[in-house]
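Welcome! Please take a moment to look over the structure below, and then we will walk through it together.

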Amino acid sequence: MDQLRQFKQFIDQAEQVWTQIAASPRGKPVYTVNGVDYTPLPERYGSKRKISRIFRRYWGIKLTERMIRNLRLRLVKGKLCVPYRVYPPLPMKVESLKWRKNGPNQKVISAVLSGGSKNVRVDYRFIRSGNTVSFTIMKRSNCEYDLRYRAEGASTAHTRNQRKRNQRKKNQKGRNNLLKPP
């Protein structure tokens with residue numbers, strides 16, 4: 001049971017790290033580039049490499065790259081900046097955990113997270129590589145619904161359905177034009 005408590009703390013910290021970086025520049029000057037307001041990050045997050053090191057304490061390479069991409073970083077006046085915006089409440093607090101697989105070098109844990117509009121069940125795959133003592137989160141379920149972990153070009157079911165409807169309308173317009181007499 002003690003090990004499960006450690007994983008709970010680990011997941012709590014891992015879920016909060018993206019928001020800590022994204023919300024860190026409050027009270028800083030705002031730069032506008034192409035209609036988007038950007039604020040510089042503090043020096044401790046002053047490069048992608050520094051941010052990557054912080055994320056890699058918890059997350060695997062692919063999830064780290066996704067999270068950095070979803071920060072929407074931009075270099076403005078020689079400083080690394082993030083878009084200035086208010087982030088919606090995101091599910092970050094672990095309410096409960098359950099073992100799915102418990103091997104020596106690989107663990108799958110199902111967690112219920114709260115903090116967003118509703119509680120979310122997320123599965124984490126932890127891998128221990130080499131002789132290191134620590135685990136790394138290699139996979140996380142429900143990524144497509146969370147702006148921190150969304151893959152590039154990923155969309156929700158609503159936007160996919162909208163695209164399908166628009167495509168059908170285009171196809172119908174083309175057919176109607178072919179059937180009209182000149």
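## The chain as a whole

Of the 182 residues in the protein chain, 36% are buried. This is a predicted model, so please keep that in mind as you read on.

The protein chain contains 4 helices and 8 strands. Now consider contacts between residues at least 6 apart in sequence: in the protein chain, 52% of them join residues at least 24 apart.

## The largest nonpolar core

In soluble globular proteins, nonpolar side chains tend to be buried together. Here, the largest nonpolar core has 38 residues. Trp-18, Ile-51, Phe-55, Trp-59, Tyr-124 and Phe-126 have the most contacts inside this core. Which elements give two or more residues to the core? They are the helices α1 (2–22), α2 (48–56) and α3 (61–70), along with the strands β4 (79–83), β5 (93–102), β6 (106–114) and β7 (120–127). The most comes from α1, which gives 9 residues. Because domain 1 (3–83) and domain 2 (93–140) both give residues to this core, the core lies between them.

Not counting residues up to four places away in sequence, Phe-126 touches Phe-7, Phe-10, Ile-11, Asn-105, Gln-106, Lys-107, Ile-109, Phe-135, Thr-136 and Ile-137.

## The largest pocket

Rolling a probe the size of a water molecule over the atoms shows where empty space is left. The largest pocket has a volume of about 280 Å³, and 15 residues line this pocket. By class, the lining has 8 nonpolar, 3 polar and 4 charged residues. Which of the lining residues lie nearest the centre of the pocket? They are Pro-91, Ser-117, Val-120, Tyr-145 and Asp-146.

## A look at Asp-146

Let us stay with one of these residues. Asp-146 sits in the loop between β8 (136–140) and α4 (157–179). Is Asp-146 buried or exposed? Its relative accessibility is 3%, and buried means under 20%, so Asp-146 counts as buried. Leaving aside neighbours within four places in sequence, Asp-146 is in contact with Leu-90, Pro-91 and Arg-140. Among these contacts, Pro-91 is also one of the residues nearest the centre of the largest pocket.

Key:
Residues numbered from 1 in each chain as written. Predicted model: local features only at pLDDT ≥ 70, side-chain atom pairs only at ≥ 80, totals over all residues. Heavy atoms only, no water. 1 Å grid on protein atoms, 1.4 Å probe; cavity = no way out; pocket = protein on both sides within 12 Å on 5 of 7 lines; lining within 4 Å. Points joined across faces, edges and corners; volume = space filled by probe spheres on them. Nonpolar A, V, L, I, M, F, W, Y, C, P; charged D, E, K, R; others polar. Core = buried A, V, L, I, M, F, W, Y, C linked by side-chain atoms within 4.5 Å. Buried < 20%, exposed > 50% of the residue type's maximum accessible area, 1.4 Å probe, protein only. Domains from an automatic or database assignment. Contact = heavy atoms within 4.5 Å.
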